[in-house]
Amino acid sequence: MMRITFLGAVGTVTGSKFLVEHGGARVLVDCGLFQGFKQLRLRNWARLPFEPARLDAVVLTHAHLDHSGYLPVLVRDGFAGPVYASEGTCALSEILLPDSGHLQEEEAEYANRHGFSKHSPALPLYTVADAERSLQALQAIPWHRPCEVARGISVTLRPAGHILGAAMVEIAAGGVTLLCSGDLGRPNDPIMVAPECVAHADYLLVESTYGDRRHPPEDAAQVLAEIIRRTTARHGITLIPSFAVGRAQALMYYLYRLKQSGAIPAGLPVFLNSPMATDATGLYHRFRSEHRLSPTECEGMCRVAHIVQTVEESKQLNERTEPAIIISASGMATGGRVLHHLKAFAPYARNTILFSGFQAGGTRGAAIVGGAESVRIHGEEVPIRAEVVALENLSAHADAGEILAWLGGFERPPRQTFVVHGEPVASDTLRRRIATELRWPCSVPEHGMTQQLD
């Protein structure tokens, strides 16, 4: 008998972890960081309800930190098995995880130097060395080919769109199949291919990040151009907090197209201030089969921005008085270089802060989008007087209608569908739609719940 324990990404969009057990074997699907509200972030420091050393394997759906970023802690605390993922996810993890360790070391050092942490000393959750050690466990597996990852448990990866390497994970054990959707991409995304249709699974975990809404119908490029033009007209900076993988590349592709068409000034400077995003962008040449861009478009996307190479150059951006576009991580303003840019540009009405993705509850990004007059950064209150725009139609997540359309490709309903990876309202809204429109058995699990799959 297979069973699953929900250890993350229920009641929240972060911390994705699902423990699957069968016949004494244990496999963890995803190993993500919790982000947002403090009570969620504290879970990153708590002991897991199982011993990492007793885990047989980990399987990652994709490389975003809310799905992979806890892996260095797992390895440091005793996990010694393989970590299976697509080739694209392995390549991106080699960029994201050490960068995550570096940011945590940097933030702890900054807190200690300026004395604004409640802890003495402030410590990183993990280090660059921890992250690099965890990379040794990565093992790439091909698409559509069943792979035995533990005794009696087989895994098949199917393309999910979303970002390079993103996969649905189909688990088979004891004659039962469980499909974990991971993060589903959009069917008509301008860059990534559509999620693969699936005919059948006995049990299903489906994400619900946008389970309670549809993306705006307006053309994303046109809206982006309007925002940039009006900010430039008032001699302001357009600051875009961005996820380094996926979103940064989509933004650069749109900016390339807008400059080519004359919708924004061809000479308007664009800065990509994220070493991680810079490294990730180069992988779009390597994994051409996973996206829709031609070689010319891929080259244009990669060259549209000036790459900020040094910390000194990053600091100099904060002194700019002429119009420019700055793309910098992190996407929810939880850390990284963008915090310094927010301190420099958020207090002035001529500038624009443009959020281009989902903002999890409890993050600075969610507070700013929600209308906060100030946010706390590095121990001080920073006033928000800049124009704030949330551009949701750039999202790489399927919306509610697109999720239901993908579910409509099943030839027969799963025995049970579990709605995960969403804020409470989004998850429950999608649950009700699946139950009423598709008439499938459906539920929203609770954190720590175990379910038998027989």
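Which residues form a nonpolar patch on the surface? In this predicted model, the patch is made of L42, W45 and L123, which together have about 360 Å² of accessible area. To find L42, look in the loop between α1 (38-41) and β4 (57-59). L42 is partly exposed, with a relative accessible area of 49%.

From the surface, let us move to an open sheet of 7 strands, in the order β7-β8-β9-β10-β11-β20-β21 and with mixed pairing. The edges are taken by β7 (147-150) and β21 (442-443); each has a single partner strand, so one side of each is left without a neighbour in the sheet. Further in, β11 (residues 203-207) and β20 (residues 416-420) run parallel and are paired over 5 bridges, and here E207 stands opposite V420 in β20. Helix α14 (residues 424-438) packs on this sheet, where it touches β11, β20 and β21, and its direction makes about 155 degrees with that of β20. Another helix, α13 (residues 400-407), lies across β9 (167-173), β10 (176-180) and β11, running at about 160 degrees to β11.

Now turn to strand β16 (residues 352-355), which is covered on both faces. T352 and L354 on one side are buried, and so are I353 and F355 on the other. β16 pairs in the parallel sense with β19 (residues 387-390) over 4 bridges, with T352 standing opposite E387 in β19. β16 also runs parallel to β12 (residues 237-241), joined to it by 2 bridges; in this pairing, I353 of β16 has L239 opposite.

How values were computed:
Residues numbered from 1 in each chain as written. Predicted model: local features only at pLDDT ≥ 70, side-chain atom pairs only at ≥ 80, totals over all residues. Heavy atoms only, no water. Pairing = 2+ DSSP bridges. Contact = heavy atoms within 4.5 Å. Axes fitted to C-alpha atoms, helices over the stretch in contact; angles between N-to-C directions. Patch = residues over 30% accessible without salt bridge, like charges linked within 9 Å, V, L, I, M, F, W, Y side chains within 5 Å. Areas by Shrake-Rupley, 256 points an atom, 1.4 Å probe, with all protein chains shown as cover. Salt bridge = Lys/Arg side-chain N within 4 Å of Asp/Glu carboxyl O. Buried < 20%, exposed > 50% of the residue type's maximum accessible area, 1.4 Å probe, protein only.
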